[in-house]
Amino acid sequence: MKYAIITGASKGLGEAIAKRLIQEQIAVVSVSRTENEEIKSLAIKQGIDYKHLSCNLSLEKEVQEVFMEIAHCIFQKDPEEILLFNNAGVIDPIQKVGNLDQTPIISNIQVNLIAPILITNLFFNKAQLTNTKVTVVNVSSGAAIRSIEGWSVYCSSKAGLNMFTQTAALEQAELETSNKIIAFSPGVMDTNMQETIRSSSVEAFKDLEQFKEYKEKNMLLKADVVANALVDLVLSGEVESGKVYNIKDLLK
Ligand SMILES: NC(=O)c1ccc[n+]([C@@H]2O[C@H](COP(=O)([O-])OP(=O)(O)OC[C@H]3O[C@@H](n4cnc5c(N)ncnc54)[C@H](OP(=O)(O)O)[C@@H]3O)[C@@H](O)[C@H]2O)c1
């Protein structure tokens, strides 16, 4: 049996990934601060193994404890493959450097970069001991390779995530493991994160009007369209480890 662990499955892209994987008869472990009842009901209806664990990914101790528990449960089931989606992310703080508050800076890096590194490290470690294949998808952003004024912390965390992905992939290739790790840039999607962006101020975020226009002109991608393209790629067995995939290439 295949098992998927999805961070940030309560909303947005993570929710859409979870729903699609359940339809594909893949067991799902959802990790976020709140639980999505629709996912739970869908899993029960489809007779799929599903579990939600509450975790604040900005707190290192919680991340270590919760993911040790998940790894312990899953690896002992001798899974066919483990799919790990490091999807949870935060955009805040949206502000110019010089006016940033300290706490949101640290939370952003913890959720967007440190948690994915800690979790991937733990799962690759357990995979070595049990000979289980682990495929990691790190959800990145176009902001990883394009500077956006007001988003310095977010851009930095996602750039770091891309580099972590590429480096870990080189190591796994050198070790000749069956593990794969990719980054994925999902495009501009109609989720809560875009609401947060639209509620920022033009003083803090120069491109505010452009992002409001994306919504007004219906230019935002639907999370389920993005999730389906990503899951199709991951289940195709054609994943190229170390690659930073872009949704534009998958929807062609
Ligand atoms: N939306 C876009 O246009 C866009 C563009 C490029 C990249 N992305 C990336 O796509 C991914 C998904 O974004 P989205 O748009 O789906 O965002 P979203 O709708 O805001 O959902 C964010 C998810 O992350 C979880 N999360 C946030 N902080 C957390 C914390 N401290 N601990 C645990 N979970 C936390 C939330 O769960 P709880 O609140 O329940 O904890 C929620 O499930 C992110 O990595 C984002 O950077 C999004």
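## Helix pairs, loops and a ligand

The crossing of H3 and H4 is right-handed. This is a predicted model, so please read every value below as computed from it.

Let us stay with that pair for a moment. Helix H3 covers residues 60-75 and helix H4 residues 102-130, and their axes come within 10 Å of each other. The crossing angle is roughly 30°, which makes H3 roughly parallel to H4, since angles under 35 degrees are counted that way.

The axes of H1 and helix H8 (residues 223-236) approach to within 8 Å and cross at roughly 55°. H1 is therefore oblique to H8. For H1 and H8, too, the crossing is right-handed.

Asp 78 sits in the loop between H3 and E4. Although Asp 78 is not a glycine, its phi is positive, at about 50°.

Now for the ligand. How many residues surround it? The shell has 30 residues, and the closest are Lys 11, Thr 34, Asn 87, Tyr 154 and Thr 191. Sorted by class, the shell around the ligand holds 12 nonpolar, 15 polar and 3 charged residues.

| Residue | Protein atom | Ligand atom | Distance |
|---|---|---|---|
| Ser 10 | polar side-chain atom | oxygen | 2.8 Å |
| Leu 57 | backbone N or O atom | nitrogen | 2.9 Å |
| Thr 191 | side-chain N or O atom | oxygen | 2.5 Å |

How much of the ligand's accessible area does the protein cover? On its own the ligand has 880 Å² of accessible area, and the protein covers 94% of that.

Which elements give two or more residues to the shell around the ligand? They are helix H1 (12-23), helix H5 (152-174) and helix H6 (192-198). The largest share comes from H6, with 3 residues. H1 ties the two parts of this report together: this helix contributes to the ligand shell and also crosses H8 at roughly 55°.

Methods. Residues numbered from 1 in each chain as written. Predicted model: local features only at pLDDT ≥ 70, side-chain atom pairs only at ≥ 80, totals over all residues. Heavy atoms only, no water. Near = heavy atom within 4 Å. Polar contact = N/O pair within 3.5 Å; in protein donor to acceptor, adjacent residues only side chain to side chain. Areas by Shrake-Rupley, 256 points an atom, 1.4 Å probe, with all protein chains shown as cover. Helix = DSSP H or I, 4+ residues; strand = E, 2+ residues; numbered from the N terminus. Nonpolar A, V, L, I, M, F, W, Y, C, P; charged D, E, K, R; others polar. Axes fitted to C-alpha atoms, helices over the stretch in contact; angles between N-to-C directions. Parallel < 35°, antiparallel > 145°, perpendicular 65-115°, else oblique. Left-handed = near helix turned anticlockwise from the far one by under 90°.
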